[in-house]
Amino acid sequence: MTQEHVDPQRCGVRVLELAATATALTIVAPFITTAGLSPILSALPQDALLDVYTRWRPDEVAAGASDPHILDLVNTRGGTVSLHPIVHAKVYLADCSALVGSANVTGNGLGWSRPGAVEILVGASVSDPALTALVSVLRATSSTATEADRDAVLAAAAALPPARLQAAKEPIDYTDWLPSYRMPEVLWLVYTGQREQELTDFVQPELQALGVPHGIENEVTFNAYVGAILRQGFTGRIAQECSNLTTIKAVKRLVELCAARGILVEDPGLLWEVLAAWIARFLPGFQRVPGGTRLIR
């Protein structure tokens with residue numbers, strides 16, 4: 001008989017033990033549902049700090065793998081949800097202890113109420129260089145989730161066709177990817193094969209970085225999907241921190257954020273022009289001031 005606290009189908013038991021005495025808890029997982037998170041929050045002391053890092057890709061939300069409504073649970077506890085579109089690590093970090101492994105924050109992943117998927121969570125030192133590097137990258141390149149983000153992702157998920165989408169071929173997973181093509185309106189034309197091969201070859205890396213799946217049937221749904229991804233990660237953080245500023249201040253802040261990631265920006269003004277165009281096109285609630293590149297929301 002497998003001992004309960006190390007049962008690979010009930011990894012949640014170890015997470016509850018970790019949370020019960022924590023003064024600060026950080027959770028990292030690509031898939032988090034309200035059913036998976038609620039037992040952990042019940043075990044967590046009321047005065048404990050709470051940080052959650054996850055991703056909300058519309059197709060995964062539509063499939064039920066992720067649930068943006070966790071934002072409501074975390075906000076109620078005074079915690080923060082941060083988004084990164086390519087996070088895949090599963091980490092539970094509390095004070096001086098950590099659990100690292102394969103279990104997502106779902107009922108099936110943690111084995112709530114019934115034996116779940118066969119998973120593993122092992123103890124790790126919080127000072128382990130790999131764990132330190134992971135947290136550092138996520139803090140530097142994640143965006144803070146808002147109610148507007150939650151609603152936009154849910155809307156994008158609801159608009160997807162009922163047929164299962166095909167995953168993007170050869171996605172490019174950069175933690176600090178930023179768009180580089182100046183005319184975001186051509187993305188849909190390239191996605192649907194309506195532009196010449198030379199332009200397609202130039203723009204295709206943008207679609208690969210976004211991880212847009214194949215099978216989206218109309219431009220409105222496509223734009224909603226792209227916008228949902230841009231809200232997360234480094235682009236989302238830039239949108240949040242550089243909007244409602246003068247253009248000069250926005251460019252200055254953009255350079256600071258890039259420098260913190262070791263990114264050398266050769267033409268800051270041009271990069272901001274590109275980013276402002278993408279954000280204004282794909283993120284409802286953001287708009288460019290006529291005649292300039294200032295973003296307001």
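**Figure 1. Lining of the second largest pocket in the predicted model**. The residues lining this pocket divide into 9 nonpolar, 1 polar and 3 charged. The space within the second largest pocket amounts to about 240 Å³. Its lining consists of 13 residues, of which Leu178, Pro179, Leu264, Val265 and Leu271 are the closest to the pocket centre.

**Figure 2. Crossing of helices α11 and α12**. Two packed helices are described by the angle between their axes and the distance between those axes. For helix α11 (residues 233-242) and helix α12 (residues 247-260), the axes come within 10 Å and cross at roughly 145°. The crossing of α11 and α12 is right-handed. On the α11 side, the contact is made by Phe234, Arg237, Ile238, Glu241 and Cys242; on the α12 side, Ala250, Arg253, Leu254, Leu257 and Cys258 take part. The residues of this contact comprise 7 nonpolar and 3 charged, with no polar residue.

Figure 3. Ala103 counts as buried because its relative accessibility is 0%, and buried means under 20%. Leaving aside neighbours within four places in sequence, Ala103 is in contact with Cys11, Lys90, Tyr92, Gly109, Leu110, Glu119, Ile120 and Leu121.

**Figure 4. Separation of Ala103 and Val118**. Ala103 and Val118 are 15 residues apart along the chain. A distance of 8.6 Å separates their C-alpha atoms.

Conventions: Residues numbered from 1 in each chain as written. Predicted model: local features only at pLDDT ≥ 70, side-chain atom pairs only at ≥ 80, totals over all residues. Heavy atoms only, no water. Axes fitted to C-alpha atoms, helices over the stretch in contact; angles between N-to-C directions. Helix = DSSP H or I, 4+ residues; strand = E, 2+ residues; numbered from the N terminus. Left-handed = near helix turned anticlockwise from the far one by under 90°. Contact = heavy atoms within 4.5 Å. Nonpolar A, V, L, I, M, F, W, Y, C, P; charged D, E, K, R; others polar. 1 Å grid on protein atoms, 1.4 Å probe; cavity = no way out; pocket = protein on both sides within 12 Å on 5 of 7 lines; lining within 4 Å. Points joined across faces, edges and corners; volume = space filled by probe spheres on them. Buried < 20%, exposed > 50% of the residue type's maximum accessible area, 1.4 Å probe, protein only.
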